[in-house]
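This briefing is for a reader who wants the local geometry with its cut-offs stated. The sequence and the structure come first, and the notes follow by topic.

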Amino acid sequence: MTDLRPRLPSPLQEVADDRFARHGVRLLLKRDDLIHPELIGNKWRKLVPNLTAAAGRTVLTFGGAWSNHLRATSAAGRLLGLRTVGVVRGDELAGRPLNPSLARCAADGMRLHFVDRATYRRKADPESLAAVLRTAGAEDAYVVPEGGSNALAVAGCRVLGEELRGRADVVAVACGTGGTLAGLAAGLGPGQRALGVPVLKGGFLEEEIRALQQEAFGGRRGDWRLDDRFHFGGYARVPPELETFAEDFAGRHAVPVERLYVAKLLYGLVALAGEGAFPRGTAVAAVVTGRPFP
Ligand SMILES: *Cc1c(COP(=O)(O)O)cnc(C)c1O
């Protein structure tokens, strides 16, 4: 997979930010956004083991209209010459012009297959999945779940934790499906803690991360917890306060701030530091899991 050659380990950069420094806390940025120009951030870590397992078969996966995972999968398909099918939530999108994210997927050669929300919700159920594969004309496809989170992906993300061994006391990451956190926590060393900031409203995530760790490692691994206070109303909700925060952070530290995940993570960390949640002397590493689109 020469076209997918990564920059690993990704850089770890300390930044000077008085909102942390005044509490005696150090802030480091784990620049997973620099792993690969097109397979960005945690998507490289999660997808590459699955693309290897696909062994040249069509890759079929799932996502919403703005899914970073669908874009990463379609880019990988183009780079590797693999056929890709994206099953997209929302059949009402089928007759309309594609939004920029789905247009990028289509330009990369991904075949888009729109399904109604009820069908989408049942996609993990084997019978419903078989029906979706049939209607998509992709019965032989290698199936990657929504967000790319399966046991192979979680094992791939364990390396992220291993790269951070001994480098920080707390490692924080934004969570969609939680696959990245599940692997990251398993890779950290003794005394290190992982903190997940969910960007979706819901509260099921703890259970799902437990299940992913069970599937990947046979049980709970690492010291991890979630802080559910920073989703800003749900997925893809970016109210003005968050937008302002993200612009300011990007300007201060000359780092691009992806809005749907990374901005919520960084906002949460600033809030936690302000609350005195980290003892003086704590080093906090924030994983920069992505880059703004386009
Ligand atoms: C996909 C994505 C995540 C979420 O990863 P999960 O493993 O699903 O929790 C976080 N940040 C960015 C930028 C992403 O694109």
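Buried means a relative accessible area under 20%, exposed means over 50%, and partly exposed lies in between, with a 1.4 Å probe and protein chains only. The model is predicted, and local features need pLDDT of at least 70, side-chain atom pairs count only at pLDDT 80 or more, and totals for chains, interfaces and linings use all residues. Residues are numbered from 1 along each chain as its sequence is written, and side-chain values use heavy atoms, with hydrogens and water left out. Helices (H or I, at least four residues) and strands (E, at least two) are DSSP runs numbered from the N terminus.

**Residues with positive phi**

- Most residues other than glycine have a negative phi, and most peptide bonds are trans.
- Alanine 254, placed in the loop between α10 and α11, has a phi near 50 degrees, a positive value in a residue other than glycine, and at 68% relative accessibility alanine 254 counts as exposed.
- Alanine 236, found in the loop between β9 and α10, has a phi near 70 degrees, also positive in a residue other than glycine, and with a relative accessible area of 36% alanine 236 is partly exposed.

**Cis peptide bonds**

- Leucine 8 and proline 9 are joined by a cis peptide bond with omega about -5 degrees, and proline 9 is in the segment before β1 (12–15).
- Phenylalanine 293 and proline 294 are likewise joined by a cis peptide bond, with omega about 0 degrees, and proline 294 is in the segment after β10 (283–287).

**Packing of α10 and α11**

- The axes of helix α10 (residues 240–253) and helix α11 (residues 262–274) come within 10 Å and cross at roughly 85 degrees, where axes are lines fitted to C-alpha atoms, for helices over the stretch in contact, and angles run from 0 to 180 degrees between N-to-C directions.
- The contact (heavy atoms within 4.5 Å) is made by Glu241, Leu242, Phe245, Ala246 and Phe249 of α10 with Ala263, Lys264, Leu266, Tyr267 and Val270 of α11.

**Aromatic pairs**

- Six aromatic pairs are found in a search of the whole structure, where rings of Phe, Tyr and Trp (its six-membered ring) pair if their centres lie within 6.5 Å, and planes under 30 degrees apart count as stacked, over 60 as edge-to-face and the rest as tilted.
- The rings of phenylalanine 232 and tyrosine 267 have centres 4.8 Å apart and planes at 80 degrees, so the pair is edge-to-face; phenylalanine 232 is in the loop between β9 (224–226) and α10, whereas tyrosine 267 is in helix α11, 35 residues apart, and both are buried.
- For phenylalanine 245 and phenylalanine 249 the ring centres are 6.1 Å apart and the planes are at 35 degrees, so the pair is tilted; both residues lie in helix α10, four residues apart, about one turn of the helix, and both are buried.
- One aromatic cluster is formed by Phe230, Phe232, Phe245, Phe249 and Tyr267.

- Helix α8 (residues 179–187) is mostly covered, with nine of its nine residues buried.
- The elements that cover the buried residues of α8 include α2 (42–54), α7 (151–163), β7 (170–175), β8 (193–198), α9 (205–217) and β9.
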